[in-house]
Amino acid sequence: MAALPPYASTGQRLWYWGFRAICVAVLFFLIMPILVIIPLSFNAEDFFTFTKGMLALDPAAYSLKHYQDFFSNPDWQQALRNSVTIAPVATLLAVALGTLAAVGLSQPHVPFRGAIMAILISPMIVPLIISAAGMYFFYSRIGLQGTYWGVVLAHAALGIPFVIITVTATLVGFDRSLVRAAANMGAGPVRTFFKVQMPLILPGVISGALFAFITSFDEVVVVLFVGSAAQKTLPWQMFIGLREQISPTILAVATILIAISVVLLTVLELLRRRSEKLRGMSPG
Amino acid sequence: MNAGHGNEAFVAFEHVQKSYDGETLVVKDLNLKIGQGEFLTMLGPSGSGKTTCLMMLAGFETATHGEIRLAGRPINNIPPHKRGIGMVFQNYALFPHMTVGENLAFPLEVRKMSKAEIEAKVKRALDMVQMGAFAGRRPAQLSGGQQQRIALARALVFDAELVLMDEPLGALDKQLREHMQFEIKHIHERLGVTVVYVTHDQGEALTMSDRIAVFNDGRIQQLAPPEDLYERPENGFVAQFIGENNTLEGTVETIGQGNCTVRLGDGSVIDALPVNVSRAGERTLLSIRPERAEFNLDRLPEGTHTVKAEVLEFIYMGDIFRIRLRIAGNENFVIKCRNAVGQRRLRPGEVIDVGWLPQDCRALEAA
């Protein structure tokens, strides 16, 4: 950010420093509640507060026992297993369907494109509790309520909008003449899709997949409605933990999830840079 | 090379029409035969239907009416990827995620050729465009001219008998464009492939083509070798569009065999060649090339009619002089003369006599 020029008026000076103060406050309120969890998760006591020993940086006040609890407690292990089996499958479904939808909707001759797009995006806009209640009643009717596939389908529906949005954004910069060139050289539509179009929109597909994965992995409302105890996911277990046990194990889990999120977001950023590079490469 | 008049046309358009909206025809009743090994250019202003014709041949657009045949076979119902036609796109359409070598190998892999065969063909194609050292580069690492060469090599690498080019040199600077014109022409002569080339640049069309089809308003206005097109345009549009051209309005005074005299608006009389005027008294549009009008009267034969002209502007352009004159009320009559030793430099305001050989002034019917 540019330094304050010597001719700045009092108002400009006030705004210059006021703007910085606001930025710091925003970041503080966004990040502090998350950061504070990390040291607390190493608490040697079963409390949600900093002990005297922790503030004095006494090594004895810290421990990994909440992490041990997470990895040994069957409830948590079951929840972890469920999350790990539901999220990837829901992501795969969302990516396959969302990418196809985005590619299809990018064709110039599709009628009612805006309306179709709005319907596909709606799970992202409609309040989650309404989607969840709707899915509950609908899935109960067709026997999917309380099943693994019910939760997977529900999470896929929530993830599809993210995939559609990211892939559509990548397709905007996609040069249609490449598809024509591939056809001209004898490649059929399927080969053209996998050899030419897919590699170029891959960054969009992958970032969509990450969003879809996080959506499923963090989701608690829909799974409470559509799932049963057998589909209890990590967020669900944390919700129960907060309500019934208030065990600091939740903090340990939260720290692990934060670490996973940071890794995923880093991957996302790296992909975005790669995509920018690829776009700079497309001639014309 | 002029295979355009053979009995068996390699590419044939028969009564082809194209409409995008079902109302206005972009291409109106196109009939065109292209001979094997011919270099045919479709030339015309934007919106004239030339690119649409190329796209119908490539299969990216469907003809609303009529038939297109390739080597005697109707191709209307064959999808683009089964037509086996090479194409150079306007923006090159190189695959940015593949290296140059992979780009060239793509059509060969589709055809399930062996690795060794692919390698040999890619190398040969790259050598042909003098890009042999660039197989490992990505398109983004190449200059516009180099990308253009790669696009050309990719269109030729799978031995297509027909290669389409859609304004391939449009994005290059003038010098490179002129260089590539000759290079493409030489490659065409060497390989003997049939080329259909689309451009709006008439200089390019004149330089490269065996025949040129001039498009306007969805129709072919004239189909002829470059020399005929330039020297003997058949109508006002072609005369205007190809090369620089001066027009004068007048009335046919006398008409004879291969010669007529025309009275201009200011009453002066001038010689002309009747092209599509047939009787005295008819209105006519005279068409004269700037380099064929002469003010050095010693160079004109005895008895040639001349007209008075006032010099309005004299522009020094290095190798030539460009002089704007007022003749019979037309203030945009341009003549060009070589910057030769002893050439007279005219001054604005000067009044001179200008004349030309009757065959250089074509009397066309008034539009």
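# Exercises on a predicted two-chain model

Chain A has 13 helices and zero strands, where helices (H or I, at least four residues) and strands (E, at least two) are DSSP runs numbered from the N terminus. The model is predicted: local features need pLDDT of at least 70, side-chain atom pairs count only at pLDDT 80 or more, and totals for chains, interfaces and linings use all residues. Residues are numbered from 1 along each chain as its sequence is written, and chains are lettered from A and ligands numbered from 1 in the order in which they are written.

**Exercise 1. Describe the overall dimensions and burial of chain A.**

Step 1. The C-alpha atoms of chain A fill a box of roughly 75 × 70 × 30 Å along the principal axes.

Step 2. The radius of gyration of chain A is 24 Å, whereas a compact globule of 284 residues would have one near 19 Å. This radius is taken over C-alpha atoms, and the globule rule is 2.2 Å times the number of residues to the power 0.38.

Step 3. Of the 284 residues, 33% count as buried. A residue is buried if 20 or more other C-beta atoms, placed from the backbone, lie within 10 Å of its own, exposed if 12 or fewer, and partly exposed in between.

**Exercise 2. Locate the domains of chain A and state what joins them.**

Step 1. Domain 1 spans 10-61 and domain 2 spans 82-281; the bounds come from an automatic or database domain assignment.

Step 2. The contact takes eight residues from domain 1 of chain A and seven residues from domain 2 of chain A. Contact requires C-beta atoms, placed from the backbone, within 7 Å.

Step 3. On the domain 1 side, helix α2 (residues 37-40) of chain A gives the most, with three residues.

Step 4. The centres of the two domains, taken over C-alpha atoms, are 32 Å apart.

**Exercise 3. Which residues touch the most other members of the largest nonpolar core?**

Step 1. A nonpolar core is a set of buried Ala, Val, Leu, Ile, Met, Phe, Trp, Tyr and Cys residues joined through C-beta atoms within 7 Å.

Step 2. The largest such core has 154 residues, and B:Ala153, B:Val163, B:Leu164 and B:Val214 touch the most other members. Helix α10 (residues 189-218) of chain A gives the most to this core, with twelve residues.

Step 3. Leaving aside neighbours within four places in sequence, the contacts of B:Leu164 are B:Leu54, B:Leu57, B:Ala58, B:Ile85, B:Met87 and B:Val196.

**Exercise 4. How many residues does each chain give to the contact between chain A and chain B?**

Step 1. Chain A gives 21 residues and chain B gives 24 residues.

Step 2. On the chain A side, α9 (176-184), α10 and α13 (249-281) are the elements that give two or more residues. α9(A) gives the most, with six residues.

Notes. Two residues are in contact if their C-beta atoms, placed from the backbone, lie within 7 Å.
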